Amino acid sequence: MDRVYLDWAASAPPEEPAIREAAEVSLLCFGNPSSPHGAGKEAADRLENARATLAGVIDASPSEIVFTSGGTESNTSLLLSILGRYRLGGAERRKARIVTTAIEHASIHDQALGLGTLGMSCTAVKPAANGMVDPQAVADALDDETVLVSVMLVNNEMGAIQKVTEIAGAVRAFSERRGRRIIIHTDAVQALGKIPVSVASLGVDAASFSAHKVGGPRGIGALYIRKDVVPGFLAVGGGQEAGRRPGTENVAGACAFAVAAGERVTRLAINHAAASRLAERLISGLKEIRAARIFPESRAGRDAASFSPYILSAGFPPLTGEIVVRVADEHGFCIATGSACSTKKKDRTRVPDSMGLDHQTALSAIRVSVGPSTTEEQIDNFLAMLKKEIPPLLSISQGRPDPAVTAAASGPRDD
Amino acid sequence: MTDAHRDAPGAAARTAHTAHSSGAEFRTLFLVKYGEIALKKRNRGAFVKSLKESIRAHLPGISFSVYETFHRVFVSCRPEDREKVADALGRTFGVVSFSEALRVGRDIQAVEEASVALAGRFLAEGRGSRFKAEVRRAEKSFPMTSYEIACRVGDVLRARFPDLVVDVHNPDWVLSIEIRDHAYLYGPQSDGPYGLPVGSSGKGMLLLSGGIDSPVAGWMMAKRGMALEAVYFHSPPFTSQKAREKVEALAGILGRYAPGIVLHVVNFTPVLARIKEKAREEEVTLLLRACMMRFTSLLAGRRGGQCLVTGESLGQVASQTVESIAFTGMLSELPVLRPLIGMNKEEIISVARKIGTFETSNLPFEDCCVLFSPPHPLIHPDAARMKRSYDCLSIDAILATAIAEMETVSAPR
């Protein structure tokens, strides 16, 4: 059975040029970039080239790029640096609050909540029913204790593109009035290579990226951190990455990341147009299936432009997403329920719950995510499978269609 | 202990290990005491069989032999397998206690030498210096009385180990000596799980879900000597492969206590579909239970099962009220045994922990999808009315297909 991969938001199939780059750099430029000899210098050169490429891709300066192990580390190291700066005897010991949203990836949402036990506090702003976080709601959540605001650029479960520029503007206005800096971070993991990402025009101080979402290898990502921001990174070691992320650098990973990201950004407009056609095809096909819902409904209409065409959330309530994923898998289609990173039962419906969906509907959510090599034929086959398999399952789970029929069949009743 | 055997002095060292017809090879011998009911003549064969299967179930490759004489069963194995065999004995129902034993010739000198070997070992193990010797003389042709043997052994040991003190009221350890076809000597014993040997009380069909209760129910019936066949109802794609694997794992754990258990995996999705199609929402759970009872009762007829076993506990959920049980029980032509009926959840959990099923049961793969639990199930159903609803399902043909397509796993992991 040919497998059709529709779970690009969990991890994208690797791009061959990126993996070749990783292999070549691993084999040839194995020196430690911190070493003063030729092999070390050669590795350092490759690393700095990769850094410059990536900086160009996101419209930053090379010195503002810190290579990390991926999106999660980028997110958590930034949050924990707040702890280092404001709580653990850092430069500026005081109360500290993080303002974020209810739709963040667990490495922001749960990490921010976790910091609550260490004397920090956290506010999670809920999105509206259309999946969008209102910039005014974020502004309203700010107070004198707020030191960091983190709002993701593209939501990983629904694909909603958040108004990060406006939010950053509102936060900046607030902090200028109060004369106290608030760091503005965005988790741009699902945005890179899919929608234009310029950290300068977004107006953020920090942003997180991951290579394996754009066809690069696992274990490499980046944190953009603006020159004039001085967080208190907690990890200490050999002083690599200008003291911001210790540990011998993953040179091969960084080079492969740069190749993959460069490739995606070069073809961004073409890919985006293709993905938009796929999304439209998916949405109109799904609508032909009884009980199909698109989450949020408005993305199929007036809000279409506010969503990444690469991620689509849908469902067939009351069928749980788990069942649909299982049936799809049996037919060779790889899709997801919500986020692949939320395996904990309790957290599985956090994002749809926060949008005001009832629990049964929230449990029905599946996520279909596509990429540059997804074809219209694959989408058609996927839709055909759903059209065939879903209605019988819906009949079973929804029960008998007309109570009168069975009442008649089962003879006289005591009531 | 094996090394201690080898180090034992004199003739005892040469004779102590010669287990039943094993020639010159060193063998470890276990003396097993079993429950009163197992003494009954017709149960003895089942007991020995169960013991063999219990050891084999856990240790398929192991070489051992089991033989029994009046009142005692002996298991001999290679010394390197002794811990595994002891583990198997510890969970073989019918075993009251067991201990490693030395078997020597039926003469007083051999008994003395073996006593010295064992006492030396107990001292070396730090078991203490206060001891007593207990003698049973089943073979009355032996020229000394039990009392005389005990006195002689006591004297020999105190002469050999000056630190030893006889204390018949509060000994640190007891040296037991049994004079039978041979003389058997052993020290402190380990407890067995009591109960009756599996297979001595017929065969039951266990409705096994992935939950906490049903494995405990199965274990309790195995404890009373019942051989088990387990039945698992799965509903793909509504239930996952992982849920099925979990039930296979639970059946495997039960197999440690109920050797020879098989697991029947039944696709119940067509049954579910029929119920959802025909039944009122609040009746769905009860009718599903009823179909499971009916199915298992039919299966029992083919497999020689004599009863159904369920993990029901009175009032735990809507389908376990006395009215619900009255209805679902109607669908089985065989008695339905519910060993947990009067137990609280906490009590059930504590048994589940003890027998090692709790952690597996607690894995988060639901055995029945929330989709099929009505928000307001019937709690006090009218049995006659439910029976009419059941009859309206016309489910027999679907159940027959389910039996025909059922999968049977003979050695669940």
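How many helices and strands does the secondary structure of chain B come to? The count is 15 helices and 15 strands, where helices (H or I, at least four residues) and strands (E, at least two) are DSSP runs, numbered from the N terminus. Keep in mind that this is a predicted model, so local features need pLDDT of at least 70 and side-chain atom pairs count only at pLDDT 80 or more, while totals for chains, interfaces and linings use all residues. Residues are numbered from 1 along each chain as its sequence is written, and chains are lettered from A and ligands numbered from 1 in the order in which they are written.

**Chain B overall**

- Of the 413 residues in chain B, 48% are buried; a residue is buried if 20 or more other C-beta atoms lie within 10 Å of its own, exposed if 12 or fewer, and partly exposed in between, with C-beta atoms placed from the backbone.
- Take the contacts in chain B with a separation of 6 or more: 82% of them are between residues 24 or more positions apart. Contact here is when the C-beta atoms of two residues, placed from the backbone, lie within 7 Å.
- Chain B splits into domain 1 (2-191) and domain 2 (203-409), with bounds that come from an automatic or database domain assignment.
- Seven residues from domain 1 of chain B and eight residues from domain 2 of chain B make up the contact.
- On the domain 1 side, that contact has two nonpolar, three polar and two charged residues. For these classes, Ala, Val, Leu, Ile, Met, Phe, Trp, Tyr, Cys and Pro count as nonpolar, Asp, Glu, Lys and Arg as charged, and the others, Gly among them, as polar.

- Helix α11 (residues 322-330) of chain B buries B:Ser324, B:Ile325, B:Phe327 and B:Thr328. These residues sit on the same side of α11(B) because they cover an arc of only 165° around the axis, the arc being that of the directions from the helix axis to the C-beta atoms.
- The cover over the buried residues of α11(B) includes α10 (284-303) and α14 (383-392) of chain B.
- In α14(B), the buried residues are B:Met386, B:Ser389 and B:Tyr390. They fall within an arc of 100° seen down the axis of α14(B), so they line one face of the helix.
- B:Ala384 and B:Asp391 are exposed on the other side of α14(B).
- α10 and α11 of chain B are among what covers the buried residues of α14(B).
- After α14(B) comes B:Ser394, with a positive phi near 45°.

**A β-α-β unit in chain A**

- Strands β3 (residues 96-101) and β4 (residues 120-125) of chain A run parallel and are joined by six bridges; two strands pair if DSSP finds at least two bridges between them.
- In this pairing, A:Ala96 stands opposite A:Met120 in β4(A).
- With helix α4 (residues 106-114) of chain A, β3(A) and β4(A) make a right-handed β-α-β unit. Right-handed means that, with the strands pointing away from the viewer, the path from the first strand over the helix to the second runs clockwise.

- A:Pro317 to A:Pro318 is a cis peptide bond with omega near 5°, and A:Pro318 is in the loop between β10 (311-315) and α10 (321-330) of chain A.
- B:Pro236 and B:Pro237 are also joined by a cis peptide bond, omega about 5°.
- A:Ala242 is not a glycine, yet has a positive phi of about 55°. A:Ala242 is exposed, with 11 other C-beta atoms within 10 Å.
- B:Tyr194, not a glycine either, has a positive phi of about 60°. B:Tyr194 is partly exposed, with 13 other C-beta atoms within 10 Å.
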